[in-house]
Amino acid sequence: MEKSVKPTIKCGKCGKPISGDVYEFESVKLCEDCYMDEVIASQPKKCVMK
């Protein structure tokens, strides 16, 4: 039985090789940490000065 070799995908933001799930945000492949950072940063800001 042959071992299937997965191509190494690097995170488009930090450059680390992604061993687990690959996430895509705005057509850039990201690791989980960078994906979560991007999702949080893209949320609309709420004004606290009410």
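1. Accessible areas here come from the Shrake-Rupley method with a 1.4 Å probe, and for residues only the protein chains shown count as cover. The protein chain exposes about 4,800 Å², and carbon and sulfur atoms supply 55% of that area. The model is a predicted one, in which local features need pLDDT of at least 70 and side-chain atom pairs count only at pLDDT 80 or more, while totals for chains, interfaces and linings use all residues. Residues are numbered from 1 along each chain as its sequence is written, and side-chain values use heavy atoms, with hydrogens and water left out.

2. Read from the N terminus, the order is β-β-β-β-α. Helices (H or I, at least four residues) and strands (E, at least two) are DSSP runs, numbered from the N terminus.

3. Of the 50 residues in the protein chain, 12% are buried. Buried means under 20% relative accessible area, exposed means over 50%, and partly exposed lies in between (1.4 Å probe, protein chains only). A contact means heavy atoms within 4.5 Å. Among contacts with a separation of 6 or more, residues 24 or more positions apart account for 5%.

4. The structure holds two salt bridges. A salt bridge is a side-chain nitrogen of Lys or Arg within 4 Å of a carboxyl oxygen of Asp or Glu. Side chains of opposite charge can pair when their charged atoms come close.

5. Lys13 is partly exposed because its relative accessible area is 46%. Glu38, at 25%, is partly exposed as well.

6. Glu24 and Lys29 form a salt bridge, with 3.2 Å between the closest N and O atoms. Glu24 has a relative accessible area of 49%, so it counts as partly exposed. Lys29 is partly exposed at 40%.

7. Which residues does Val22 touch, not counting those up to four places away in sequence? They are Ile9, Lys29 and Leu30. Val22 lies in the loop between strand S2 (17–18) and strand S3 (23–25). Its relative accessible area is 36%, so Val22 is partly exposed. The C-alpha atoms of Val22 and Tyr35 are 9.1 Å apart, and the two residues are 13 positions apart along the chain.

8. Two residues in the loop between S3 and strand S4 (28–30) deserve a look, one of them being Glu26. Most residues other than glycine have a negative phi. Glu26, however, has a positive phi, near 55°. Ser27, also found in the loop between S3 and S4, has a positive phi near 60°. Glu26 is exposed because its relative accessible area is 64%, and Ser27 is exposed at 63%.

9. Asp21, Glu32, Asp33 and Asp37 form a patch of negative charge on the surface. Patches are made of residues with over 30% relative accessible area and no salt bridge; like charges are joined within 9 Å, and nonpolar side chains (Val, Leu, Ile, Met, Phe, Trp, Tyr) within 5 Å. Lys and Arg count as positive and Asp and Glu as negative, with His and the chain ends not counted. Asp37 lies in helix H1 (residues 32–41) and is partly exposed at 45% relative accessibility.

Key: The place of a charge is taken as NZ of Lys, CZ of Arg, CG of Asp or CD of Glu.
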